[in-house]
Amino acid sequence: MQTEPTIIGFLCNWCSYAAADLAGNSKLEVPGNLTTIRVMCSSRVDPVFILNAYFQGADGVLVAGCHPGDCHYQTGNYYARRRLALLIKILQTFDIEPKRLRLSWISASEGQRFSEITQEFAKFIKEAGPNPLKKKPFFE
Amino acid sequence: MKGKIIEIKSDLNTAIKNIIKTLVQKKLFDAVFVPVRIPSRESFAYLLIKDKEILESITPLPPTMPVQGARALKDLTRLGKLNLRILCIMRPCEIRAAVELAKLRQITLQNLTFFSFDCPGVFPTAEYIKSPEKYDQNIIEKIKAWQEDGLRPNCSICVNFSHYNTPADLHIGFYRNHLLIYPVSKNSQKILDILSYRAEDDLTEWENSINTLLKKKKENRSRKFSLLSNQTKGIENLEEFFTGCINCHNCMRVCPICYCRQCFFESPEQSHHEAEEYLARAKEKGGIRFPPERMVFHLGRMNHMALSCVGCGSCEDGCPMDVPVGQIFSFIGNEVQKMFDYLPGKNLEEPIPLLTFKEDELHEYEDTREKK
């Protein structure tokens, strides 16, 4: 039986969350299995949040913020990029599903882009299959 | 390379002790921060020494490292600048950790002077306390022969054991029954003047011997890292690597870099959940191991501090279950530090990579597929 994957989206309040709102208002399609979490800035996302999501069975994690240079707090997304790059590097080194994590820049006016990115990501995750960490009682 | 060469008449510890005593007598320093053998004779502890008589009993070169020097120093300068001039005699990794903590605003380096020395490595504390006499004798031989067997695993793959990459004020080298004083910072000139030494002796021979050793250690290190890379590749292997972990968090407590007074992994937000939530997780995963969140702790801690990891191996020394946690942190630290071309503790002016950024970088980690 194939179940729908779970995708967690950490969306920055000022850009990506507004883009999600716009996508909804414009009646654009957004995957139903995307659970969004609003954060005030993409740099608020501690890599541990993403690890928690992974280890508790999320199949994919999307972190979306303002385009570089457009951060509401001037520089938050640059720091977020460094943190996420560090996490991806660690996951790559241990080969623990780095592909299930995605960092995207989506501005408040890009409802269309939000819809495209999330649909493409949902499709990708569905093809990648369920997160192997799901059935690992000793890997928590 | 120029410095001062002194013949060692008795033993190494005494030779270094004599230099320290002279500096304190001539009132260049008000106090000394140095390891001393504790009265039960089974271990060593850092002591802040004001009394000249206690200076007699110091051991600048202890064969073991129960407490990382930077961790000890942090408690001393927690509330800011010192008015006393303090001399700290520490291993290169301890000095680098202290500089890293200074960047994190946990240590104030004003009025502190650092002496480093060619570190032969340390023995695991658990082994040392079983038979101190054996290892006390061994450490002297180790320095002479520079052997690696029996040392802390991190020490045998350490490549920053000498003056390279260590921001000390003055470095003390050992070569063929001689002590070499190598001035590193501008500060050190004053110290040499007080000791009435002139940095005129040629140190090339010592430098060559260090370089030979460095080459050997670099080979050891890359061999060990490729082994670790295979050992930890994939979920099953990583699970097996950490299988002994009992989630005691001792590795975090002894780590010099982990300074947070409330560790995120012990906060209610991260670790106190309702039983129902654990039941839900168990349903999802088939079951969960307790105490929970072991792997999240290790992988999360790598995200929090691996960029600053100096590879001292204190975590592994403190691990009651002999998980090779020091080696894996050294390995992952090396990987992520390469990414930002950063060496922790090398230079106080260089910011920690997570506290700075460049506008145009790391595009390979962004999602570019959907860009217009």
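Predicted model: local features only at pLDDT ≥ 70, side-chain atom pairs only at ≥ 80, totals over all residues.
Local features are described at pLDDT of at least 70 and side-chain atom pairs count only at pLDDT 80 or more, while totals for chains, interfaces and linings use all residues. Residues are numbered from 1 along each chain as its sequence is written, and chains are lettered from A and ligands numbered from 1 in the order in which they are written. Helices (H or I, at least four residues) and strands (E, at least two) are DSSP runs, numbered from the N terminus.

**Confidence**

- The predictor assigns the complex an ipTM of 0.93 and a pTM of 0.93.
- Within chain B, helix α3 (residues 92–103) has the highest confidence, at 96, and helix α5 (residues 132–145) the lowest, at a mean of 72.

**Where the two chains meet**

- Chain A puts 42 residues into the contact and chain B puts in 36, with two residues in contact if their C-beta atoms, placed from the backbone, lie within 7 Å.
- On the side of chain B that touches chain A, the elements giving two or more residues are α9 (235–241), α12 (275–285), α13 (294–305) and α15 of chain B.
- Of these, α13(B) supplies the largest share, 7 residues.
- That side of chain B divides into 17 nonpolar, 6 polar and 13 charged residues; here Ala, Val, Leu, Ile, Met, Phe, Trp, Tyr, Cys and Pro count as nonpolar, Asp, Glu, Lys and Arg as charged, and the others, Gly among them, as polar.

- Helix α2 (residues 47–55) of chain A and α13(B) cross at roughly 150°, and their axes come within 9 Å; axes are lines fitted to C-alpha atoms, for helices over the stretch in contact, and angles run from 0 to 180 degrees between N-to-C directions.
- This angle makes α2(A) roughly antiparallel to α13(B), on a scale where angles under 35 degrees count as roughly parallel, over 145 as roughly antiparallel, 65 to 115 as roughly perpendicular and the rest as oblique.
- The crossing of α2(A) and α13(B) is right-handed; a crossing is right-handed if the near helix is turned clockwise from the far one by less than a right angle, and left-handed if anticlockwise.
- From α2(A), the contact uses A:Pro47, A:Val48, A:Leu51, A:Asn52 and A:Phe55, and from α13(B) it uses B:Met295, B:Val296, B:Leu299, B:Gly300 and B:Asn303.
- By class, this contact of α2(A) with α13(B) has 7 nonpolar, 3 polar and no charged residues.
- Helix α3 (residues 76–94) of chain A packs on helix α15 (residues 325–339) of chain B at an angle of about 135°, with the axes 10 Å apart, which makes α3(A) oblique to α15(B).
- The crossing of α3(A) and α15(B) is right-handed.
- Here A:Leu86, A:Lys89, A:Ile90 and A:Thr93 meet B:Ile332, B:Glu335, B:Val336 and B:Met339, giving a contact of 5 nonpolar, 1 polar and 2 charged residues.

**Helix α1 of chain A**

- Helix α1 (residues 16–25) of chain A is largely enclosed by the rest of the structure, because 7 of its 10 residues are buried; a residue is buried if 20 or more other C-beta atoms lie within 10 Å of its own, exposed if 12 or fewer, and partly exposed in between, with C-beta atoms placed from the backbone.
- The buried residues of α1(A) pack against β1 (7–12), β2 (34–39), β3 (60–65) and α4 (111–128) of chain A.
- α1(A) and α4(A) pack at about 95° with axes 7 Å apart, which makes α1(A) roughly perpendicular to α4(A).
- A:Ser16, A:Ala19, A:Ala20, A:Leu22 and A:Ala23 of α1(A) make this contact with A:Gly111, A:Phe114 and A:Ser115 of α4(A).

**Backbone details to look up**

- Most residues other than glycine have a negative phi, and most peptide bonds are trans.
- A:Lys27, which follows α1(A), has a positive phi near 55°.
- B:Lys27, in the loop between α1 (12–25) and β2 (31–37) of chain B, has a positive phi of about 60° and is exposed, with 9 other C-beta atoms within 10 Å.
- B:Leu362 lies in the segment after α15 of chain B; its phi is near 50°, and it is partly exposed, with 19 other C-beta atoms within 10 Å.
- The peptide bond from B:Phe290 to B:Pro291 is cis, with omega near -5°, and B:Pro291 sits in the loop between α12 and α13 of chain B.

Methods:
pLDDT = per-residue confidence, 0-100.
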